[in-house]
Amino acid sequence: MIPSSFEYQRAASVQEALSLLGEDAQLLAGGHSLIPAMKLRLNQPGTLVDISRIEALKQISESEQHLVIGAAATHGQIAASALVQQHCGFLAAGAGEIGDIQVRNKGTIGGSLAHADPAADWPGLLIAAGAEIEMVGSGGSRKLKAEDFFQGFFETALAEGEIITAVHVPKMHADQRASYEKFAQPASRYAIVGVAVVLTFYDGSIREARVGVNGLADCAYLDTAVIAALENQKANADTATAAAQKAGEGKNPMSDHYASEKYRANLARVVTKRALNACL
């Protein structure tokens, strides 16, 4: 449980962090995923670049249509943010369900996204919210839709030498409702299956839907089959029941010591129905 030797550098700005990112360097923010892997020597960086004290990455602000959440904002900070609670309350509620109080006080949203654990809460939440992830590298900055960011088991679209700097989340409107439901592993609070839903209503029907799923497959994804069964349908329990049966369609559920493939597939339908009913 002792990591291999490494150099430690603390960056005072994003640009300084970029300059320190060499071939064997890795970023340190909250450290709740990286440090355990280093202790087991599953990860052996030559240099740790600490970005946890860059104030610009910790800020939560707003524009006219978006919340802007800095990558180094902690889960606890997001859960307690009045801005997040006002404009996208289900994200604040979801952040409050991550891990335990120690994890929420140190773990960061950017670290969670970069690590891309399939069972982590943020990927599904941000996919449902229609968020964009902002990254910066030597070639400048770019934004990517959350559903395009996660590409496989612990794999993302983050290029070598890039740093996640912020998440841009559309503010919710009066005609929208949202929910996040998960069946959690009791010790870690990771989702065995988690489903986030944002519904937009018009005249008693569901005009638009977004459904983000984590924990089921090798990465979080936008569930287009459930969305197709929801949009332009009456906003009632029958629609929720029918749409939930589409959950996980076309996906290969994971199987591990927590849950079998068959169990996860059924659980996806159950949790999706719960999330939809919470919105309705």
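Which residues are buried in H12? Keep in mind that this is a predicted model. In helix H12, the buried ones are Arg264, Leu267, Ala268, Val271, Thr272, Ala275, Leu276 and Cys279. Look down the axis of H12 and these buried residues fall within an arc of 165 degrees, so they line one face of the helix. That pattern goes with a general point: an α-helix has 3.6 residues a turn, so residues three or four places apart point the same way.

The helix itself runs over residues 261-279, which makes 19 residues. From first C-alpha to last, H12 reaches 27 Å, close to the 27 Å expected at 1.5 Å a residue.

Now for the nonpolar cores. The largest has 40 residues, and Leu91, Leu113, Trp122, Leu126 and Val169 make the most contacts inside it. Helix H8 (residues 121-129) gives this core its largest share, six residues. Take Leu91: leaving aside residues up to four places away in sequence, Leu91 touches Val84, Trp122, Leu125, Leu126, Ala129 and Val169. There's also a second, separate core of 26 residues, with Val193, Ile206, Ala240 and Ala247 among them.

Last, the cysteines. Searching the whole structure turns up zero disulfides. Cys88, for one, is in no disulfide: the nearest cysteine sulfur belongs to Cys279 and sits 12 Å away, whereas a disulfide needs the two sulfur atoms within 2.5 Å. Cys88 is buried, at a relative accessible area of 1%, and Cys219 is buried too, at 13%.

Notes
Residues numbered from 1 in each chain as written. Predicted model: local features only at pLDDT ≥ 70, side-chain atom pairs only at ≥ 80, totals over all residues. Heavy atoms only, no water. Buried < 20%, exposed > 50% of the residue type's maximum accessible area, 1.4 Å probe, protein only. Helix = DSSP H or I, 4+ residues; strand = E, 2+ residues; numbered from the N terminus. Expected span 1.5 Å × (residues − 1). Arc of directions from axis to C-beta. Core = buried A, V, L, I, M, F, W, Y, C linked by side-chain atoms within 4.5 Å. Contact = heavy atoms within 4.5 Å.
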